[in-house]
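Take a look at the model below.

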Amino acid sequence: MTAGCFHCGQPLPTGTPRQVVIQGHLQPVCCAGCEMAAQWIQSAGLGAYYRWRTEPATAPDGSTDHALFLAYDRTQAQQSFVTALPDGHREAELLVENLNCAACAWLIEGALGNQPGVDRIQVNAANGRLLLRFDPARVRLSDLLARLASLGFPPHPQRPGQAGALHLRERRQALKRLALSGLGMMQAMTYALSLYGGAFHGMDPVYADFLRLVSLLITTPVVLYAGWPFFESAVQGLRARRIGMDVPVAVAIGVAFAASVRNTLVGSGPVYFDTVCMFIFFLTLARYLQASARARAGESGDALARLLPDTCLRETAQGLETITLQELMPGDRVRVPPGAALPADGRVLDQAVWMDESLLTGESHAVRRMPGDRVIAGSVNGEQALRLEVTACNADSTISHIGRLLRKAQSERPTTAAQADRLAAYFAPAVLLAAAGSAWLWRADPSRAMDVALAVLVVTCPCALSIATPTALVAAMAHLLSRGVVVIRGAALETLCEVRRAVFDKTGTLTEGRPQVTQIHPLRAGLTRDRALALAGILEQAVHHPLARAFAVPTAATHSASAVRLVAGAGVEGRIDGRVLRLGRPDFAAALWHGAPLTAPADGASSWLLMGDETGPLAWFAVADPVRPDASATLARLRALGLSCQIASGDAKGPVSAVARAVGCAQADARLTPEDKLVLLDGLQTRGERVLAVGDGVNDAPLLARADVSVAMAAGTALAHTSADLILLQDRLSVLPDVIETARRTRRIIRQNLAWALAYNALAVPLAAAGLVTPWLASLGMSLSSVLVVLNAQRLYRPAAPTLAVDVPRVAVQTP
């Protein structure tokens, strides 16, 4: 390890030094000022400075906490963790230290929520993340960060790898405190047992005083080191004029220790050194398990960022050059060696390749990507070199977008969690009043009053109640991500348990979304099939819709379409060589020449698209799209879970009926516009049904936005992703029943946690107030209740049963 501070070279302080992540490595720094400076240098993309410098930097002036955060007011420093919103406001993703329970989150929200310029603040105690939306015209980010630090919750920008470093440091500190308090507890209990035995069988006062004095010497470092975070948090909360859960904890530890010290010095009265050590040990154990769960949850998001390489090979006029990903721009062409990860989203050039997308989508088999196909950053190239044209990179890439959605979801707290947090916030003052009231009731017996008051203070700590919901939700989201599902809105998991109907789009959802033109019927003299297909391909190439993939653009085409307009549920319109063309439903195309819609060829199972111009029809096209191999088995599993399934499609009745028969769906509605789909959804919801909507296209976005829970396919449009609550990263439906089963397991575990926490407090408080629970037993029960809640939530990480694999023959149906 470096002998001095990595930034300024000055000697490191004694104990565990602060650490920062510089170019993927943990480096020690001597103070908060050097930590902030190093983080800013790294965030600005200037980490190479540390390789080329000739002497250490000057240590920043740390005279004021606010000065340490001024660097984060610069736009360049905010690029890695702040998102600019369309309304001019900004959204910052932060990691927060010392966030131990929901009461801490409540304290932060109360302190920052009323600040001018703060629109919204979401704090998740389960993973230590904070989502802050603010107006930069009214408040500076540095002011908000300094306010957080003054509360005792040092903030850090959310960057890839940053969470892991912070969680590692947090766990190391908690482990040291746990070890010290554990050793102190064992020694203090040994001496306490001797004192208890001596009280019954007689012990020389000299030896009793000696055992008390040794217990004092052992307990003092436990209180001052292992118990210090509780006192620090309590003081910060009182300064903010809010009573958090660490206030009664600190009062219990402080009163018990002070009374024990006093009785030891005067040589009479009970001592509680064993109780103090035990209380601190079990509280520290619970927080260590929370820190471990928080680190495990954070790994799911950081794993996405770790999929990307550090550098890539860019093609230039002079040859290949090695650059960092920050230098990559859309339109660049890069070379990806065999077995290497793709540095950005892009299109495959030159030749077909096999691509391993398992780390991103969960799909275990390699997939073949053809020239022109779009591929996603983080996928692993197969056995031959790949040339890639970059379409999106860095913050605009799919993997970055998914990471932001995931972190935003992990920062949210659903209704159940919010209700538990409000209850826990009012619980802390009630605990202090209950302890004072119990002591007053036992005033006739002063020797017991202290024991009763301490027992009530300790036994009523609602830590288990506060962490019951967030720990389960974070574990569920991390588990689903490992299955290839991104949860965008955490509250969707609660609603998903109540869903009893699933409405599916057809094209690209129940079918593979890779349609093919199977028949072409020209309707105008002199128009060949090849020319008709070429016109349709030029018209469709500017449209991101599953149908567009069926019309390949000729490589020799010299024309392009302008003024292209997609009409959801109807078709596409554009101008080619000065004339306006339409391709889509017969009535949509016929409206261009103000004629009656033509009757499609007699093929009930085919989807026929009509192309025409302002003078009349040009050609009919029949389009085929195979049903997904797992669609039938997926719908069968959903029905077994108690869900009714139906299809809502804009396609003709024949193709929709064919897909319905192939997947075993009894209810299917065809020729629905986006408005018709909303009417259908409103009718179902009016009857009291909770509806799950699954789709992928532009015409599905209104349905996805209004449904109780919505799921978008990975290959869907950006608008569908924005409207959805969950995104399936893998190109299959079979994971959908697993999502519902996970949601139901999550609800059961949340209910178990809440029931246990409430039942424990309801039973323990009267017993403690009645003097039937000793302080050491109260500390054991309270701590074990928190440990039980955390361990119960960790069961969600267990791998679910393998996805049902059913050999279903591919069925090609005609679909738009």
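A disulfide is a pair of cysteine sulfur atoms within 2.5 Å. This is a predicted model, and it holds zero disulfides. Take Cys393. Its nearest cysteine sulfur belongs to Cys312 and lies 9.0 Å away, so with a cut-off of 2.5 Å Cys393 is in no disulfide. Is Cys393 buried or exposed? Cys393 is buried, with a relative accessible area of 6%.

Cys665 is in no disulfide either. For Cys665 the nearest cysteine sulfur is that of Cys645, 6.1 Å away. Cys665 also counts as buried, at 8% relative accessibility.

Now turn to helix H20, which covers residues 631–640. Which of its residues are buried? They are Ala631, Ala633, Thr634, Leu635, Arg637 and Leu638. An α-helix has 3.6 residues a turn, so residues three or four places apart point the same way. After H20 comes Gly642, with a positive phi near 95°.

How confident is the prediction? The mean pLDDT of the protein is 77. A value of 70 or more is reached by 74% of its residues. Over residues 60–64, pLDDT stays under 50. The model gives that stretch six contacts beyond four places in sequence. Residues 800–816 also have pLDDT below 50. Here the model has 52 contacts beyond near neighbours in sequence. Where pLDDT is low, the predicted coordinates should not be read in detail.

Key: Residues are numbered from 1 along each chain as its sequence is written. This is a predicted model: local features need pLDDT of at least 70, side-chain atom pairs count only at pLDDT 80 or more; totals for chains, interfaces and linings use all residues. Side-chain values use heavy atoms; hydrogens and water are left out. pLDDT is the predictor's confidence in each residue, from 0 to 100. Contact means heavy atoms within 4.5 Å. Buried means under 20% relative accessible area, exposed over 50%, partly exposed in between (1.4 Å probe, protein chains only). Helices (H or I, at least four residues) and strands (E, at least two) are DSSP runs, numbered from the N terminus.
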